[in-house]
There are 2 protein chains.
Amino acid sequence: MIQDRALRPNTKVLPEHIRLNNRTLVLQTLYRTGLQSRADLARETGLTRVTVSDLISELMGENLVIELGQRQESRPGKPATLLDINRAAFQIISLDLSGHTRLRGAVLSLDGAVLSSSGLDLAGARGEAAFDKVAELLAQVIARATAPILGVGIGSPGIVDRAGVVRNAPNLGWRDQPLQARLQDTTGLPVRVVNDANAAVLAEHSFGGADHDLLLVKVGHGVGAGLLIGGRAIFGERFAAGEIGHVVVGTDDGPLCACGKSGCLEAWLSVPRLTAAIHDATAAAATPADAERAIFDILSEAGRRLGIILAPVVGALNLLEIVLSGPPELLDGALSAATVETLRSRTMATETGDLTLRMTAQGEDIVLRGAAVMVLSAQLGVS
Amino acid sequence: MIQDRALRPNTKVLPEHIRLNNRTLVLQTLYRTGLQSRADLARETGLTRVTVSDLISELMGENLVIELGQRQESRPGKPATLLDINRAAFQIISLDLSGHTRLRGAVLSLDGAVLSSSGLDLAGARGEAAFDKVAELLAQVIARATAPILGVGIGSPGIVDRAGVVRNAPNLGWRDQPLQARLQDTTGLPVRVVNDANAAVLAEHSFGGADHDLLLVKVGHGVGAGLLIGGRAIFGERFAAGEIGHVVVGTDDGPLCACGKSGCLEAWLSVPRLTAAIHDATAAAATPADAERAIFDILSEAGRRLGIILAPVVGALNLLEIVLSGPPELLDGALSAATVETLRSRTMATETGDLTLRMTAQGEDIVLRGAAVMVLSAQLGVS
DNA sequence: TTTCGTTCGTAAGGTTTACTAACAAACATG
DNA sequence: CATGTTTGTTAGTAAACCTTACGAACGAAA
């Protein structure tokens, strides 16, 4: 009876919080569907036209919503005044720090479209030097914005806590780096820092359409995952959810990993390992056909290993949708085919609903767009 | 800024919803700590004394809260009137349908203590006959209640959806059995039906103390798991979360399972399999020492297999706490030792915080108590 | 013993919120 | 041209919390 309202009451609620909730609800509805009248919004949200009008006038006062003239449809009754989020009024800045050698940055529209992008070579910088590079790139990207900036979203590799402190990022040489707070200070803008794979899964969720629970596996220099259940990202007790790169696969040793263990997923699946293996196999092959077969075997085995790791996760969480992000020439073929086949043969997937595995449609901008989702969610409550 | 309130605004909120939230907040606080004054509650919840007084008088009107005289402490100021949940005013009925041959039922106090318990042999009943057995047991248990009944909680094996429909429970011969609705009709009481492992993890969470994310593995005739993340149970897209019994372990075949695959977790770990293997080994052993060693090996290997399945889940979710439920003579020893050792050696557990694995402290009543938690949560918003 | 400060619970009045009811404006249709 | 429909606004109401103020009951100190 009570739990139906799904509010887990851990905090008190005041009348003014109602306002915030309903305001966000209206903004959310408008963000998703766009071009609706006040009456439409009232019907869709369940609020009355009066309340919607009031909220809309507040939102228009903040330049978040604009009127776009009357609906042209020919109907009885007074014509509706169409509204939309003022999509040109603000822009979002995103950084992707997950590249092994190169940082990326972009200006995005409120819709998550990349308006202009920049890059900066890390050039081996670590620790404070790496921070300086990030700050430099951020300043560059900010300078390219052509509208007021709603906020800054950053996808960082490593373990990032809820306050945007990068607890541990080996590649950048960071330990307990309070990236969010520092950049917020230097820029004066709202900043959100999240793990790159978590950003990616948010992008896939918001822009990829389906409203399923989602596991995204990001294959790059390392292997990480982002997990979204019931519309919420899972961060983990120590903010290390998705760190599956150093979980051992299978019961037959496997290649030695940099971490000291044998048979880690990363030792099978990371881009450097795969390219090296393919390179070696190609060099050793007598004929092009031999090379092709060898490459197929390497990718299939990597895919199988990924499937073996994912099977218990898929079973335990009853996941129906898995998305891969990374170089398509490696992932999108024998590898993903082997993964999905392994998954199906090792779980009860057929019993509990069909399992889907696919490449992301977001391409290389996935982390940038996901970081933008964080900003939208934090600043507007919208996604 | 906005997302800080953590209300995902998918529905409108009205002023009266505030009341419900704060009422539940007060009740929750009182349920957890017990014996507090109105002023104490005001301090703890952040609400004013006025509002708390108002809510309390409402709750006292429903006989949910009672006054227990004045606090005996010697302090300046007017002495406080102590309040508590009226723990004797209501009782909860729970059923545990997960036994392979025997159904269990109990009357519980609002604190989750078992007041009286009953049982009924399934005697091989399936389908409608099994339903009749359940209804019969429920009527028996209801008759033993000595106070108004708050509700009925039922832990059922198999896949149970949010509406309490048992989608699939092979042992009971049920498919799409609307257990919750049917029993609600026959008894006129509020009924909640959940999967047995999910009930178990709720019990462990509510009565076990720690507020960690939690994975509970329930080993019985089959093997299932319940998962709790951020205080919420995970049900899965098709309500089959936790169904890890038929996930294949490792890359070396393993024993044939009833489901047709080889090396399913259940084929290694279920109670019938383990007892049979131990029986055979004991019969074949030349000396008692040999038998003991053989048993140790069997249990260790089973534990290792469990660890292999759990490692990816622990890594992906960054879990710190795993609880085992089942026969202690099988689980609590070589088996759990092997599991935790396997987990630590196959994940980065040491890097991301210490991993705990332990037996449940709830014993055999775990499902009954978990089902009671469902009722408390549904009827009072409390847990 | 009296006075003072403290704490508890309640009463009265104010603010915020969304609701209902009613209305004018603008349009299509018969 | 009258009628019905739809839109958005105005006015008034109900519910929820808050702030302010107060009496009651107690310990400590004069």
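1. In this predicted model, a base oxygen of DNA strand C lies 3.2 Å from a backbone N or O atom of Gly77(B).

2. An N or O atom in the side chain of Thr48(A) is 3.0 Å from a phosphate oxygen of DNA strand C.

3. Which elements give two or more residues to the surface near DNA strand C? In chain A they are helix H1 (15-33) and helix H3 (49-61), and in chain B helix H2 (38-45) and helix H3 (49-61). H1(A) supplies the largest share, five residues.

4. The make-up of this surface may be read from both sides. On the protein side, its residues comprise 13 nonpolar, nine polar and 10 charged. On the side of DNA strand C, 66% of the atoms within 4 Å of the protein belong to sugar or phosphate, and the rest belong to bases.

5. A further point concerns helix packing in chain A. Helix H8 (residues 271-284) of chain A packs against helix H9 (residues 288-317) of chain A at an angle of about 155 degrees, and their axes are 9 Å apart. H8(A) is therefore roughly antiparallel to H9(A), since an angle over 145 degrees counts as such. The two helices, H8(A) and H9(A), cross in a right-handed sense.

6. The contact between these helices involves Leu274(A), Ala277(A), Ile278(A), Ala281(A) and Thr282(A) on H8(A). On H9(A), the residues include Ala291(A), Ile295(A) and Leu299(A). The residues of the contact of H8(A) with H9(A) are 10 nonpolar and one polar, with no charged.

7. The axes of helix H8 (residues 271-284) and helix H9 (residues 288-317) of chain B come within 9 Å and cross at roughly 155 degrees. H8(B) is thus roughly antiparallel to H9(B), and the crossing of H8(B) with H9(B) is right-handed. Among the contact residues are Leu274(B) and Ile278(B) of H8(B), and Ile298(B) and Ala302(B) of H9(B). The contact of H8(B) with H9(B) holds 10 nonpolar residues, one polar and no charged.

Definitions and conventions:
Residues numbered from 1 in each chain as written. Chains lettered and ligands numbered in written order. Predicted model: local features only at pLDDT ≥ 70, side-chain atom pairs only at ≥ 80, totals over all residues. Heavy atoms only, no water. Near = heavy atom within 4 Å. Polar contact = N/O pair within 3.5 Å; in protein donor to acceptor, adjacent residues only side chain to side chain. Helix = DSSP H or I, 4+ residues; strand = E, 2+ residues; numbered from the N terminus. Nonpolar A, V, L, I, M, F, W, Y, C, P; charged D, E, K, R; others polar. Axes fitted to C-alpha atoms, helices over the stretch in contact; angles between N-to-C directions. Parallel < 35°, antiparallel > 145°, perpendicular 65-115°, else oblique. Left-handed = near helix turned anticlockwise from the far one by under 90°. Contact = heavy atoms within 4.5 Å.
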